[in-house]
Amino acid sequence: MAAGMQSNKPISLFALPVGETTIISRLGGSGAFRARLGELGFVPGQKVTKAYTTSVGNPIVFELMGSQVSLRAEEAKNIYGGEEECPMKSEPSLAYTSHH
């Protein structure tokens, strides 16, 4: 997909290409898992960039709110990104954007 193009399909932070930025739209997993993510800043409406991943794929480092946070691949698979007008919409329009 060309830089700056939008996709209507959900994209997990795991699948987000390195260097790409998205807006968090939905969190999966248990309530305790979502609460932990919220404490780290992974909340709907928050902009996040996939900074880099290690050669073995774990952990994955993300940048948000001026900090770098590392997550395991299984955790990143439960966070979905996209752009939307209201982060609390039940069926968001999901997309990602490029910084390239």
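The model is predicted, so confidence comes first. Across the protein, pLDDT averages 81. Of the residues, 74% score at least 70. Strand β4 has the highest mean pLDDT, at 97. Strand β7, residues 96-98, has the lowest, at 45.

Two stretches call for caution. Over residues 1-6, pLDDT stays under 50. The model still gives this stretch ten contacts beyond four places in sequence. Over residues 85-98, pLDDT again stays under 50. Here the model has 39 contacts beyond four places in sequence. Where pLDDT is low, predicted coordinates should not be read in detail.

Now turn to the inside. The largest nonpolar core has 17 residues. Those with the most contacts inside this core are Leu13, Leu37, Phe42, Val48, Phe62, Leu71 and Ile79. Five elements are listed as giving two or more residues to the core: β2 (20-27), α1 (31-40), β4 (60-64), β5 (67-71) and α2 (73-76). Which element gives the most? Strand β4 does, with three residues. This is the strand with the highest mean pLDDT among the elements.

Next come the charged pairs. The structure holds three salt bridges. Start with arginine 36 and glutamate 75, whose closest N and O atoms are 3.1 Å apart. This pair links distant parts of the chain. Arginine 36 sits in helix α1, glutamate 75 in helix α2, and 39 residues separate them. Are the two partners buried or exposed? Arginine 36 is partly exposed, with a relative accessible area of 36%. Glutamate 75 is buried, at 6%.

Glutamate 75 has a further partner. Arginine 72 forms a salt bridge with glutamate 75, with closest N and O atoms 3.2 Å apart. Arginine 72 is exposed, with a relative accessible area of 54%. The remaining bridge joins glutamate 74 and lysine 77, again with 3.2 Å between the closest N and O atoms. Glutamate 74 is exposed, at 54% relative accessible area. Lysine 77 is partly exposed, at 32%. How do shared partners connect the bridges? They join Arg36, Arg72 and Glu75 into one network.

The peptide bond between asparagine 58 and proline 59 is cis, with omega at about -5°. Where is proline 59 placed? Look in the loop between β3 (47-53) and β4. On to methionine 65. This residue is not a glycine, yet its phi is positive, at about 50°. Methionine 65 lies in the loop between β4 and β5. This residue is exposed, with a relative accessible area of 56%. Strand β4 therefore stands between the two loops that hold these details: the β3–β4 loop with proline 59 and the β4–β5 loop with methionine 65, as the numbering from the N terminus shows.

Methods: Residues are numbered from 1 along each chain as its sequence is written. This is a predicted model: local features need pLDDT of at least 70, side-chain atom pairs count only at pLDDT 80 or more; totals for chains, interfaces and linings use all residues. Side-chain values use heavy atoms; hydrogens and water are left out. A nonpolar core is a set of buried Ala, Val, Leu, Ile, Met, Phe, Trp, Tyr and Cys residues joined through side-chain atoms within 4.5 Å. Buried means under 20% relative accessible area, exposed over 50%, partly exposed in between (1.4 Å probe, protein chains only). Helices (H or I, at least four residues) and strands (E, at least two) are DSSP runs, numbered from the N terminus. pLDDT is the predictor's confidence in each residue, from 0 to 100. Contact means heavy atoms within 4.5 Å. A salt bridge is a side-chain nitrogen of Lys or Arg within 4 Å of a carboxyl oxygen of Asp or Glu.
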